[in-house]
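Reader: Could you walk me through this one slowly, please? I'm still learning how to read these things.

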Amino acid sequence: MCGRYASSRRPEDLAGIFEIEKWEPEEALEPDYNVAPTKEVYAVLDRPLRDAEDRRPVRQLRKLKWGLVPSWAKTPEGGARMINARAETVHEKPSYRRAFAARRCVLPADGYYEWVTGQAERDLEVEGKKKRPRKQPYFVTPADGSVFAMAGLYEFWRDKTLPDEHPLAWWVTCSVITREAETTPLGVAPKEGPQALADIHPRMPLMLTPDRWDAWLDPARTDVDDLRSLLEPPPHGLMRAYPVSTAVSSVKNNGPELLTELEAPEEGTLF
């Protein structure tokens with residue numbers, strides 16, 4: 001799954017990486033090293049500009065809320081639970097299938113966090129000792145330092161309790177597509193601990209390599225079978241994972257120090 005990630009790149013940098021044609025400086029976000037559900041995040045999408053005579057799709061950098069709210073939802077309350085969409089079923093689930101066919105985006109990140117329960121804690125659970133497992137967080141990121149481009153979906157939801165001119169009348173929300181985690185060796189693995197992403201968690205965000213960005217973002221591509229072919233995993237060995245401080249486990253903590261690599265998992269969280 002993807003429940004927390006880091007996004008620290010400036011909009012100017014993202015504009016160059018993704019060949020953005022349109023972004024609003026007033027929508028600029030501060031670097032966020034502990035992005036949690038319901039926060040505002042950057043999304044790259046191809047869509048005609050509002051009120052423009054030319055209806056061609058324009059590559060935009062937009063600010064969306066993480067946690068998809070389907071257009072038919074009566075309230076937005078379920079958005080916090082819809083942060084991930086499974087690649088295996090995204091084309092058929094009522095909450096995602098329309099967005100999958102027409103409203104796809106890329107969610108740029110530095111990488112994502114995932115937690116693994118340490119062996120010592122698992123042993124306590126097996127013995128029946130009632131102690132809450134202490135999980136070691138890992139940061140997963142491209143081994144070459146490039147942007148981690150997560151496949152995503154976005155959707156519009158109208159708050160009918162507000163008038164059309166109200167700035168909050170429309171919600172634009174998004175979800176990260178996930179797939180089974182790689183079982184092959186990491187490109188760069190930690191000295192101690194997991195040697196594959198599947199050793200950390202059974203699922204992972206779907207990373208799109210640059211050669212798939214245009215096809216994924218193209219709103220003219222609506223054939224389900226064609227789109228599903230874009231959900232294949234990227235080549236093996238592109239990722240690295242390393243242990244980071246358990247401070248990231250609290251959403252109150254936020255700063256570049258959360259990405260600092262530990263020489264070994266913290267005491268009591270050995271893999």
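**Loops, cysteines and strands**

Author: Let us begin with Glu19, which sits in the loop between helix 1 (11-18) and strand 2 (22-23); helices (H or I, at least four residues) and strands (E, at least two) are DSSP runs, numbered from the N terminus. This is a predicted model, in which local features need pLDDT of at least 70, side-chain atom pairs count only at pLDDT 80 or more, and totals for chains, interfaces and linings use all residues. Residues are numbered from 1 along each chain as its sequence is written, and side-chain values use heavy atoms, with hydrogens and water left out.

Reader: Okay, what is phi of Glu19 near?

Author: Phi of Glu19 is near 55°, which is a positive value in a residue other than glycine. Most residues other than glycine have a negative phi.

Reader: And is Glu19 exposed or buried?

Author: Glu19 counts as exposed, because its relative accessibility is 61%; exposed means over 50% relative accessible area, buried means under 20%, and partly exposed lies in between (1.4 Å probe, protein chains only).

Reader: Where is Thr38, and what is its phi?

Author: Thr38 is found in the loop between strand 3 (32-35) and strand 4 (40-47), and its phi is positive, at about 80°, although Thr38 is not a glycine. With 41% relative accessibility, Thr38 counts as partly exposed.

Reader: Switching topic, how many disulfides are there in the whole structure?

Author: A search of the whole structure finds 0 disulfides, where a disulfide is a pair of cysteine sulfur atoms within 2.5 Å.

Reader: What about Cys105, then?

Author: For Cys105 the closest cysteine sulfur is in Cys174, at 5.6 Å, which is too far for a bond. Cys105 also counts as buried, at 0% relative accessibility.

Reader: Last topic: is strand 10 mostly covered or exposed?

Author: Strand 10 (residues 148-158) is mostly covered, since 10 of its 11 residues are buried.

Reader: Which strands pair with strand 10?

Author: Two strands pair if DSSP finds at least two bridges between them. Strand 7 (residues 104-109) runs antiparallel to strand 10 and is joined to it by 6 bridges, with Leu107 having Met150 in strand 10 as its bridge partner. Strand 11 (residues 170-180) pairs with strand 10 in the antiparallel sense over 7 bridges, and there the bridge partner of Trp157 is Trp171 in strand 11.
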